[in-house]
Amino acid sequence: MNNIAQVDYDGLIPNNVALGEDVRVKRALEKWHPGYINWWNDMGPEGFQTALVYLRTAIGVDPKGWAKFDYVRMPEYRWGILLAPGREGRKIPFGTHKGEDAWQEVPGEYRAMLRRLVVIQGDTEPASVEQQRHLGKTAPSLYDMRNLFQVNVEEGRHLWAMVYLLQKYFGTDGREEAEALLQRRSGDPDTPRMLGAFNEKTPDWLSFFMFTYFTDRDGKMQLEALAQSGFDPLSRTCRFMLTEEAHHMFVGETGVTRVVQRTCEAMKQAGIEDPYDIARVRKLGVIDLPTIQKKANLHFSLTLDLFGNEISTNAANAFHAGLKGRFREDRLQDDHQLESGTYPVLRLIDGQIKNEDAPALSALNMRLRDDYVVDCNVGVGRWNKVIADLGIPFEIKLPHVAFHRHIGEFSRTNVDVDGNVLSPAEWTERRTAYLPSASDKDFIESLMQPQFAPAKFASWIAPPKVGIDNKPGDFEYVKIADA
Ligand code: BYC
């Protein structure tokens, strides 16, 4: 039963967890299903619920061939429960229980902590769908529209993944949490989503690409850390979610690449060499590089907040308990218990930003964030290569980690993109040099004109190098006429 590679598509809820033999959980999920569909219809992609979208659906969990592509109306997408195959004899890989058999049931003493982790993870998934629900209307191509909807349906599936864990392992309170996941709303003043960045707006497609590059990458880091969990069902769930997550980050990375490429090509064609000649660049109907930099500053800094406080007892407790590990814990060479080591943490000391050693267990959020920044820089390097290859003197840089923060050590201070501490007056004066101003937003919004004919792309974005599922350039990824 632990090694089911194929998904059972016979019932209402596709699954590879033998749901048919688990009557209690099957009924609970079937009961939750209509509320989910109502949520999807209310809060999912606006205006395209009856369009035929060329989507991939998971048909197995074998990394070599797990998806099939076909036209689907989104509300009819087969959201299912998919766990990566179990590993025979798996042990708890870290913390105080290191080396004991991995848990197949919730360990009683850690129930509340585990539930909190599952609920927070679950809450982000519908939140992102809500944040992106208006974007279909301004899609720069059918290719991009399809990618948006693919990301959306898979975030919906990730919600199912967490709801399965809640319904199967957490009894009545799990059921209540599953309901509450459908009640909260991104940005709602009374019932907001749980984490800050998931209550922000995703107002335009550059934001969408930055979100899928930066924020979905936080998803990757957090899922990697949870995939190490001693609670085996969580580990297996997260391992399969990571397979899907890779496409979301691809959408972000290539999306920004294509925006940057189009801008540089247009500049070259028009003979504009100075990337700061913003008015002339904008007249070409493309997004100037300094504005792209500002969007990166915004989304990177908002996403850093998702790593929590640099020094965190919650993180220490979750690691000690064997529930949430480090990024790729299994590849690290140490005692995997961290009772005695230290880790350097950036802190604000006497008005200056300095490294200070902290107990390694308390510094786990900081450590994951550091791993995240390294991962972010890889794609930024690729964007810069496109700019350099087209001969434009400009480099996109990630801002300092203390810049524009709302959680943790730097949330009560103002810091510029280079890490210099600013007075409140200096911050107010320079803010729009670092973050999108109202006029930057207006300009980007003015470019967000839909382009719904096959093979056509909006002025500000280059076509992709290859199609999804190797489809040709004029492929009709979304059949809107059927909407
Ligand atoms: N906003 O001890 P601390 C994804 C709260 S993204 C608001 O530092 P901890 C995706 C915190 O809850 C990945 N509140 O926190 C991406 C705590 O409150 P309580 C999602 C915040 O627990 C794109 C208090 O402050 N998964 O999958 O060490 C599209 C003290 O904080 C925030 C996860 O995050 C915030 N940003 O670290 C779709 C994994 N940060 O409990 C999906 C599960 C902290 O004292 N979650 N607080 O009332 C966790 O591992 C941790 O809860 C966190 C926070 C890393 C989020």
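**Rings and cores in a predicted model**

Modeller: In this predicted model, ring pairs join Trp 32, Tyr 36, Trp 39, Trp 40, Tyr 77, Trp 79 and Trp 160 into a cluster.

Colleague: What makes two rings a pair?

Modeller: Their centres must lie within 6.5 Å. By this rule the count comes to 33 aromatic pairs.

Colleague: Why is the pair of Phe 475 and Tyr 477 called edge-to-face?

Modeller: The ring centres of Phe 475 and Tyr 477 are 5.0 Å apart, and the limit for a pair is 6.5 Å. Their planes stand at 75°, and edge-to-face asks for over 60 degrees, so the name applies. Phe 475 and Tyr 477 are both buried.

Colleague: How do you know that a charge sits over the ring of Tyr 71?

Modeller: The charged end of Lys 479 is 4.4 Å from the centre of the Tyr 71 ring. The rule asks for a distance within 6 Å and a position within 35 degrees of the ring normal, and Lys 479 is listed as sitting over that ring. Likewise, Arg 217 lies over the face of Tyr 213, 4.2 Å from the ring centre.

Colleague: Which residues touch the most other members of the largest nonpolar core?

Modeller: Tyr 36, Phe 214 and Trp 460 do, in a core of 125 residues. Helix 3, residues 142–169, gives the most to this core, with 16 residues. A second, separate core has 12 residues, among them Phe 198, Phe 211, Leu 306 and Phe 403.

Colleague: What does Phe 214 touch, leaving out residues up to four places away in sequence?

Modeller: Phe 214 touches Ala 296, His 299, Phe 300, Thr 303, Tyr 372, Cys 376, Trp 383 and Leu 398.

Conventions. Residues are numbered from 1 along each chain as its sequence is written. This is a predicted model: local features need pLDDT of at least 70, side-chain atom pairs count only at pLDDT 80 or more; totals for chains, interfaces and linings use all residues. Side-chain values use heavy atoms; hydrogens and water are left out. A nonpolar core is a set of buried Ala, Val, Leu, Ile, Met, Phe, Trp, Tyr and Cys residues joined through side-chain atoms within 4.5 Å. Buried means under 20% relative accessible area, exposed over 50%, partly exposed in between (1.4 Å probe, protein chains only). Helices (H or I, at least four residues) and strands (E, at least two) are DSSP runs, numbered from the N terminus. Contact means heavy atoms within 4.5 Å. Rings of Phe, Tyr and Trp (its six-membered ring) pair if their centres lie within 6.5 Å; planes under 30 degrees apart count as stacked, over 60 as edge-to-face and the rest as tilted.
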